[in-house]
Every structure is written in structure tokens, then in C-alpha cells.
Amino acid sequence: MKARFSIVLVLGLIPLACVAQTAGAPPPGRLLASNCFQCHGTNGNAVSGFESLAGMSADKFAKEMRELKTDDDAGIMKPHAKAYTDAQLREIGRYFASQPRTRADR
Ligand code: HEC
């Protein structure tokens, strides 16, 4: 009786584990890009005067980030730009490029 209950319990948990795994994985780049949402808005659509990053081409993004890494006037963006490897920045850039711009701020 106890063994049968355990088998039923285990079998019952398998689909749950599958759902949890699928739902738990954010789209590529989103986890890193979410470090930018505080200022540049959720998915890169800024609401408060910051530049939106949603829909920015990956090339333009890479160029901006390269400049911000070394620009002494970049302010708060310098540490953000320097904190990521080139590969991580490419991933973040691809993520923002794939996001629709929902606000016509800039
Ligand atoms: C604490 C607020 C803050 C956070 C967090 C932040 N930024 Fe910024 N970002 C700014 C500000 C302010 C500017 C404007 C800086 C300037 O013009 O020198 C800016 C400018 C930029 C620009 C240039 C945009 C343009 O059109 O000129 C890019 C690209 C950028 N940020 C990317 C990022 C990325 C990627 C992240 C996350 C890794 C990030 N930012 C996180 C505040 C922030």
C-alpha cells in the first residue's frame, strides 16, 4: 500500500517538475538584461526620461556599450558597461533588439 502510494506520488510529480523547469527558464539574455530594467524600463521600454533600449539594433547597442566602458563622462553607466563580458553584452544586446518598442519616447 505504502509502495503504491509512493509510485503514484512520484509519477504525479513528474509533469509538475517538467512544467516548473520550462516556466523557470527566462528567454536567453533576459536575466542579464533585467539588471537594466530599473532605469531603462521592463524589457527596455523606459518610462521616466531614460533612454529606451527596446528595439535598438544589436550593432548600435554594442557600439554604445563600448563607448560607455571607457567614457569618463558616462556616469552611472560606466560601471554597468564594465561589469559584463563582451559575450554577455552581445546576449543583452540581442535580447533588447528582439523586444518591441511599446513607448514612443525616443
Ligand atoms: C541606475 C540607472 C541605470 C541602470 C541600472 C542602467 N542604466 Fe543605462 N543609462 C543610464 C543613464 C542615466 C544613461 C544616460 C547616460 C549618458 O547619457 O551618459 C544610460 C544610457 C545607456 C545607454 C546609451 C543609450 C543611448 O541611446 O545613448 C545604453 C546603451 C545603456 N544605458 C545600456 C544599459 C544596460 C545594457 C544596462 C544594464 C546592464 C543599463 N544601461 C543599466 C542609467 C542606467
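**Exercise 1.** In which helix does F96 lie, and is F96 buried or exposed in this predicted model?

*Solution.* Begin with the secondary structure: F96 belongs to helix 6, which covers residues 86-97. Next, count the C-beta atoms around this residue, for which the model gives 25 neighbours inside 10 Å. Since a residue is buried once 20 or more other C-beta atoms lie within 10 Å of its own, F96 counts as buried because of its 25 neighbours.

**Exercise 2.** Work out which residues F96 is in contact with, leaving aside its neighbours within four places in sequence.

*Solution.* Once those neighbours in sequence are set aside, the contacts of F96 are A33, G44, L53, A54, M56 and F61. A further step takes the C-alpha atoms of F96 and G55, which are separated by 6.0 Å although the two residues stand 41 apart along the chain.

**Exercise 3.** Describe the protein chain as a whole, from its elements to its contacts.

*Solution.* The chain has 6 helices and 0 strands, and from the N terminus on its elements therefore read α-α-α-α-α-α. Of its 106 residues, 17% count as buried. Among contacts between residues at least 6 apart in sequence, 64% join residues at least 24 apart.

**Exercise 4.** How many residues surround the ligand, and which are the closest?

*Solution.* The ligand is surrounded by 17 residues, of which C36, C39, E51, E64 and H80 are the closest. Turning to the elements, those that give two or more residues to this shell are helix 3 (37-40), helix 4 (58-70) and helix 5 (77-82). Sorted by residue class, the shell divides into 10 nonpolar, 5 polar and 2 charged residues.

Technical notes. Residues are numbered from 1 along each chain as its sequence is written. This is a predicted model: local features need pLDDT of at least 70, side-chain atom pairs count only at pLDDT 80 or more; totals for chains, interfaces and linings use all residues. A residue is near a molecule or strand if its C-beta atom, placed from the backbone, lies within 6 Å of it. Helices (H or I, at least four residues) and strands (E, at least two) are DSSP runs, numbered from the N terminus. Ala, Val, Leu, Ile, Met, Phe, Trp, Tyr, Cys and Pro count as nonpolar, Asp, Glu, Lys and Arg as charged, and the others, Gly among them, as polar. A residue is buried if 20 or more other C-beta atoms lie within 10 Å of its own, exposed if 12 or fewer, and partly exposed in between; C-beta atoms are placed from the backbone. Two residues are in contact if their C-beta atoms, placed from the backbone, lie within 7 Å.
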